[in-house]
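I opened my notebook and went looking around one structure.

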Amino acid sequence: MRDFVYGKDVKLYAYKTDGYYPFACARSVKISVNSEIDETTNPSSHSWRRYQPTGLNGYNIELNAITVLQDAVSTLWYSWELMLESIRNNGLDLKIEFTDRVGNTRYATGFGYIPDSSIGGVAGDFSESDLSILGS
């Protein structure tokens, strides 16, 4: 059987004061990596498009969480605090970690800014917060 990574084992952390701490009540996290590609042509390509990497890369992280404003027991990142970080344009040192079912772990670190954050809710359900982090 394969050693799969389950959704609950993809975790996003950001640095706060003395270490990396997780985002409170995260429901989903997704990292997207992109590499810029330019279209190029030359006489030998005739009528075919050709592509070549420019060497510029980037990443984006999307997070969805149940809104939590504070916790008396744990040091975490909370929705309201992240919205303030977005407004202040401070940016965050990040760590995204993947762990498979037998404990093998891989992670990536970087720095990112929060260009988009939202907190909202629907009557009769939990409030949710959404966050986008653009790697820098």
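My entries follow, starting with the ground rules.

I'm working with a predicted model, where local features need pLDDT of at least 70 and side-chain atom pairs count only at pLDDT 80 or more, while totals for chains, interfaces and linings use all residues. Residues are numbered from 1 along each chain as its sequence is written, and side-chain values use heavy atoms, with hydrogens and water left out.

**Strands.** I looked up strand β1 (residues 10-16) and found it antiparallel to strand β5 (residues 92-99), with 5 bridges. Strands are DSSP runs of E, at least two residues, and helices are runs of H or I, at least four, numbered from the N terminus. Two strands pair if DSSP finds at least two bridges between them. Lys11 sits opposite Glu97 in β5. β1 also runs antiparallel to strand β2 (residues 19-22), over 4 bridges, and there Ala14 faces Tyr21. The β1-β2 hairpin has 2 residues between the strands, and Thr17 has a positive phi near 60 degrees.

**Tyr13.** Is Tyr13 buried or exposed? Tyr13, in β1, counts as buried because its relative accessibility is 16% (buried is under 20%, exposed over 50%, partly exposed in between, with a 1.4 Å probe and protein chains only). Beyond four places in sequence, its contacts (heavy atoms within 4.5 Å) include Phe23 and Leu94.

**Glu85.** I found Glu85 in helix α1 (residues 79-88). Leaving out residues up to four places away in sequence, Glu85 touches Trp77, Asn90, Gly91, Leu92 and Ile114.
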